[in-house]
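Visitor: I would like to learn how to read a structure like this one. Please take me through some of its features in turn.

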Amino acid sequence: MKFIHAADLHLDSPFLGLTNLPNTVLSTVRQATFTAATKVFDRALTDQVDFVLLAGDLFDRAEQSVAAQAYLFHQFERLNQAKIPVIISFGNHDFAADQHQSVAYPDNVTILGAMGTTKTLTLQSGETVAVSGFSYPERWVTQDPVATFPDRSAADWQIGLLHGALATGSDDHYAPFKLSELLAKRYDYWALGHIHHRQLLNEQPPVLYAGNTQGRSVNETGVKGAYLVSSQAGKLVPSFFPTSAVLWENLTVVFDHVTDLKALGLALTTWLEAHVTSQLTLTALTVTLAQPLDAVELAQITSGDWLSLYLRTHQRYLVAANRTLIKLQVSQAATKITAPQIDQQYWERGQAQVFESANERATFGKLLQDTSLAEWFMQPTTTVQLKQQAEQELTKLMGGEDNHAT
Amino acid sequence: MQLKRLTIYGYGKFHDRTFDLTPGLNVLVGPNEAGKSTITQFITAILFGFPTKKHPELRYEPLDGSQFGGEMVLCQAGVDYLVRRVDGPKGGKVTLTNLTTDSPLPPENLNRLLAPVDEQLFSQVYSINEPRLSEVFAASKQVMVERLRHVGAVGSDYWLQQAAQQEKAAEALYKPLGRNPRLNQQLREHAELSAKLAKANAAYDTYWSLLQERQSLLQRQKQQRVKLDQQRQVSEQLAHLASLWPTFDQWQRLQKTTVQPTSGFGQTDLTELERLTGQVKAATTGNATLQHSLEKAQVQADLPANFQQYVTVATRADPLLAQLPQQRQLVTAHEQLRQTQQGLQQRMAVIEQQVANADGTMPRSFPLSVAHDVTRWQAELVKATQKRRRLQQELNQLNEQFRQVQPTSRKRTNPLADKQVGWLAAGLIILVGAMLLPAAPFKLAGALLGMAIGYYGVFIVDSATPASRQLQGITDDIRDTQAQLREGGQRIDQLTSQLDEIGSTYGLDNLPVEQWDAAQAAIHEWDQLTEQLETVTDQLTTGTDQQMAFQQSVGTLFPDLIHRPTAAVLDELTAIDQTRHQLSTRDDELTSLMNQLKQSQTALQAAERDQQVFLQTRNVRSPQAFYERYEANREFHNQQVQQMALAHQLGTAAITQLQHYQSQTSLQTAVQAAQTELQGAQQALDASTSQLATIAGQLDHLTASGTQSTLRQKLANLEAQMQVNAQSWLVHQLVSQWIKATLAAASGDRLPQILQRASVFYGKLTSNRYTEISLTESDLRVRLATGEWRQVSQLSRGTAEQLDLAVKLAFAVVMNERVQMPLVIDDGLVNFDAQRRQAAIQVLIDLSDQLQILLLTADEPAIRSVSGNIIRLMD
């Protein structure tokens, strides 16, 4: 008996935080979620699995993607032709709103409905598999759903399909559960979804987040994929297989001898040539420099103008390395702010007064009305970045101050 | 900074003047128009530039035409600089020289030397005159702070500039109300993209509804296919039936038109008829042969012409022959009747001659009563006539008597003689006229009347002539007689008219009454004759009819005799009859022939009768009709066979189905309808199919367009860019704020010092009437020694000016740590009373060890006690 456990396909959802993506990469990126999902379904067909479990967030209902729906119809039909059942529990992004239910997926697809639903399959081998789970009726499920899962049945295999997060005790919107509760059910396998980083919560029986099949932002780095689970000596053993079409990467490199942008460009090119990837990789690069850059040059880095220019002029190298740089930061030794004509204490007082969240918020003002900007603004890293950049900027200005007098 | 020397090339009223200045207090004394304000303006102009030519009154160009401008030696941080400014563009041409090193400096360095003091600050704080003192009353903390910030930190101008540049850079990225900055554009683009995406998202609903539509269409298509198949079968079935229709039609017609066959017209019947016909034919042939033989025999036997004819019709002719005697009798009787008729007619003609009226009509006979009346009336008439005659005689006698008695009366009667002639004449006329009347009685009556009249005229009239009593008696008798006569006449007239009436009623007008009896008898006879004549005529007619009928019967048998007279016919027949008799008694060939012929005739008749019976029992008139019926019968059988064959060909099922249709047309209509429905079903299916194709196309389009994904990715990218820009913008903004906050922090510390100093100065200036100055957000206020607070607006002009002076002095003193700038006070104390002016001068003297002060004044006495550099302008 073998099956595939995948989750969080997030079909047709956009990649976030891309500003300078070249067109050559764009189409690959746009297709990436589909490419990744196709690998899952292809694997199901080639390995002739007994069934496929999809633990929610196949698509984002809010995004109303036609492509995602059409894709699912097509893929489910492929599996239908091969007589491979698909069992789905919808999650917080594809919650089971009652719209469009009149057009059903092919017959091989089972959507687990209300809590406490169990679908029992009889495999060709004669084994029986009971899959219990539920679909989110709306965006949030705040109650612990585990109690609604039935106790282990007489089926040969009992599997829990659950889209949710471990309970944290507060603000739990996504079917909060406790590991101990899951283990107490004595199921053979818990197929989890929702958390995009794959992780094994328990070795045996496996309680497992499959992670998403394709990372969609720089926060979702590394190889993504799904699990092929097979029975071995009365136990279910998951084995990971990669699916991601595009990789995200956060890298820090040290360029000791770089002192200016020209040298940085050369060093970067050299680095690219030395680090060719097998799969298209979107890299957010942090460059550590031994000696600080000139403030003006640093400002060019900070504004992103330099990277933008570099990407335009070095596309050949990027293509060859199968990589694109989505962000470039320079990390250098902090410079002390000294303004000879004004006491240090005044600068510090001024900084404390300005870099204060209420003031920042007031200054940001109307821009907070823009959802995406507000989202960025609210991130805790934002205020740190703002302060750092302001210090860099001021340092640059202090350099100018020296020239001013006689 | 300390001013050491002013050299004026040409400025206002001055030319080629030099003023040496010392540190501390310098007093420049001079009356009005001595040039105090000119010097103040000169200092400002050299340091900060000449006003533009738009304001010539502020330029103080020299009146005598010497070179415009001058120079100034100033000491800054222990270094002497020479600033020379002459007429030139942009505030004048500046030459800057470091006198310590004797090196020229770029003219721009002048501003740096003076920084942070610029013209504005200099004129607001350091250059003090009366109008300026009074204009600062509006001072608020904000203004104060700004001014403080301006000079609060050395180099603050740079930082202010940087802050402004940061703001500018920020504005290049985003302005809350802007359109063109990058982030504004991106926000707009974001809105547009979002709208586009929302529009593209509409495709989502379309997609689902298309899927739904496709699903229902597929369902419908399936149903339509089934229906189409059914309909096709129906249509084909009907078409098959339609092709069978001609056969069916034939079958149906056979069934419908066939009459039930009648028995008696079969093959056996035909044989029987033919046998009978053969018999008839054989008999007829035999007959003909016999007749031929008979004809020959007859010729030999010299038989009457018509006998041969007779032989053929003997059976029918015999009854006629039997009638012969009777016929002869009839002829005789006929002749007798004719004679009787003639006799009657003659008699009637006689009577008619006697009695008939002129127009030939016969009078009619009276009934009995009328006859009695007539007899009676005639008798009365006779009597009346007799009586009249008697009376006439009596009258005549009387008349005679009268004539005798009355001879004289002649004269008188002469006129009467004329009358007599008249009467006579009238009587004659009537007499004659009566003779013209047709009937005798009339004539008689008329003649009598005429005579009577004549008589009357001659005798009675005359007798009427009375002459005496005798005469009178006679006259009366005459009159009496005349009266009786008249009475009798009237009776006669009455009777006559009654008789006339009867006469005219019965057509006896032409006969005199006397002949009426005789006439009546004649009329009666005539009537009887008429009846007899009718009887005879009837008998004659009957006889004639009988003769005619006989003759006709004869005519049919013997065509030769048709137009022959009766007598001749009878003779012929008699001859035939005699011949027959003769022959019946002879036993020869002819007889036998005739017998044979008779027998043959009988046989023929029997045969014919048999045939007739045969035909009658079958209710047909002739063999021809029989044959027709026979043929019909045979045809029927043929048709039955044919029908069975057709029924077999059609099959019972088809027949049952076909029988549902009235006619080929209705079947055709059904076929048509079925085909139409088939076409309809096909069209519906086609429509569904094409709709499905359309939907598939639309779905493909929706699926393949990728618009949504592209837009979403674009939006995500745009948002990333927006975040970068927002970050830059925010950094710029925050940096600007940071600089300003830092400057504010640096300068803000000095404000309390300035206020403290100002309070001290103000106390001194006002002899401690006011002890404290306080700066609020919006205004400046002062505190009396009594503890009360006063707004600036509540102060007197002088006191307010003293407040301003105190603040400015405090500012200059406190800022002196960083900015050394000479104070130039141009007649600023004019509104001060003497005591306060002294106090003010004392404060200035006190400050002169810290500040260089140039006091320009016209108030000589006030400065008497002042020790320091006193320059008299009027010297």
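**Reading the model, feature by feature**

Guide: Ile773(B) lies in strand β9 (residues 770-775) of chain B. Keep in mind that this is a predicted model.

Visitor: Is Ile773(B) buried or exposed?

Guide: The test is a count of neighbours: a residue is buried if 20 or more other C-beta atoms lie within 10 Å of its own. Ile773(B) has 24 other C-beta atoms within 10 Å and is therefore buried.

Visitor: Which residues is Ile773(B) in contact with?

Guide: Neighbours within four places in sequence are left aside. The contacts of Ile773(B) are then Leu755(B), Ala758(B), Ser759(B), Tyr762(B), Leu780(B), Val782(B), Leu803(B) and Val807(B). Take Tyr762(B): it is 11 residues from Ile773(B) in sequence, and their C-alpha atoms are 8.1 Å apart in space.

Visitor: How is a pair of packed helices described?

Guide: Two packed helices are described by the angle between their axes and the distance between the axes. In this structure, helix α24 (residues 750-765) of chain B packs with helix α25 (residues 797-815) of chain B at an angle of about 135°, and their axes are 8 Å apart. The two helices, α24(B) and α25(B), are therefore oblique to each other. The crossing in which α24(B) passes α25(B) is right-handed.

Visitor: Which residues make that contact?

Guide: On α24(B) they include Arg750(B), Ala758(B), Phe761(B) and Tyr762(B). On α25(B), Leu803(B), Val807(B) and Phe811(B) are among them. By type, the residues of the contact of α24(B) with α25(B) divide into 14 nonpolar, 2 polar and 2 charged. Some of these names have come up already: Ala758(B), Tyr762(B), Leu803(B) and Val807(B) are among the residues in contact with Ile773(B).

Visitor: How do I read the two sides of a helix?

Guide: An α-helix has 3.6 residues a turn, so residues three or four places apart point the same way. For a case, go to helix α5 (residues 295-303) of chain A, where the buried residues are Leu298(A), Ile301(A) and Thr302(A). Seen down the axis of α5(A), these residues fall within an arc of 100°, so they line one face of the helix. Just after α5(A) comes Gly304(A), with a positive phi of about 90°.

Visitor: Which residues are buried in α8(A)?

Guide: They are Tyr346(A), Trp347(A), Gly350(A), Gln351(A) and Val354(A). These residues cover an arc of only 135° around the axis, which puts them on the same side of α8(A). The exposed residues Gln345(A) and Ala352(A) are on the face of α8(A) turned away from its buried side.

Visitor: What should I look for in the backbone?

Guide: Most residues other than glycine have a negative phi, and most peptide bonds are trans. Ala233(A) is not a glycine, yet its phi is positive, about 50°. Ala233(A) lies in the loop between β11 (225-232) and β12 (235-242) of chain A, and is exposed, with 5 other C-beta atoms within 10 Å. Glu33(B) also has a positive phi, near 65°. Its place is the loop between β3 (25-29) and α1 (36-48) of chain B. Glu33(B) counts as exposed, with 12 C-beta neighbours inside 10 Å.

Visitor: Where is there a cis peptide bond?

Guide: It joins Gln204(A) and Pro205(A), with omega about 0°. Pro205(A) is in the loop between β9 (199-202) and β10 (207-209) of chain A.

Visitor: How many residues are in contact between the two chains?

Guide: 52 residues of chain A are in contact with 48 residues of chain B. On the chain A side, α11(A) gives the most, with 8 residues. The residues of the side of chain A that touches chain B divide into 23 nonpolar, 20 polar and 9 charged.

Visitor: Which residues of chain A is Ser709(B) in contact with?

Guide: They are Asp12(A), Arg30(A), Ser65(A) and Ala67(A). Ser709(B) is found in helix α23 (residues 707-748) of chain B and counts as buried, with 25 C-beta neighbours inside 10 Å. Ser709(B) and Leu197(B) are 512 residues apart in sequence, but 9.1 Å apart in space, C-alpha to C-alpha.

Methods. Residues are numbered from 1 along each chain as its sequence is written. Chains are lettered from A and ligands numbered from 1 in the order in which they are written. This is a predicted model: local features need pLDDT of at least 70, side-chain atom pairs count only at pLDDT 80 or more; totals for chains, interfaces and linings use all residues. Two residues are in contact if their C-beta atoms, placed from the backbone, lie within 7 Å. Helices (H or I, at least four residues) and strands (E, at least two) are DSSP runs, numbered from the N terminus. Ala, Val, Leu, Ile, Met, Phe, Trp, Tyr, Cys and Pro count as nonpolar, Asp, Glu, Lys and Arg as charged, and the others, Gly among them, as polar. Axes are lines fitted to C-alpha atoms, for helices over the stretch in contact, and angles run from 0 to 180 degrees between N-to-C directions. Angles under 35 degrees count as roughly parallel, over 145 as roughly antiparallel, 65 to 115 as roughly perpendicular and the rest as oblique. A crossing is left-handed if the near helix is turned anticlockwise from the far one by less than a right angle, and right-handed if clockwise. The arc is that of the directions from the helix axis to the C-beta atoms.
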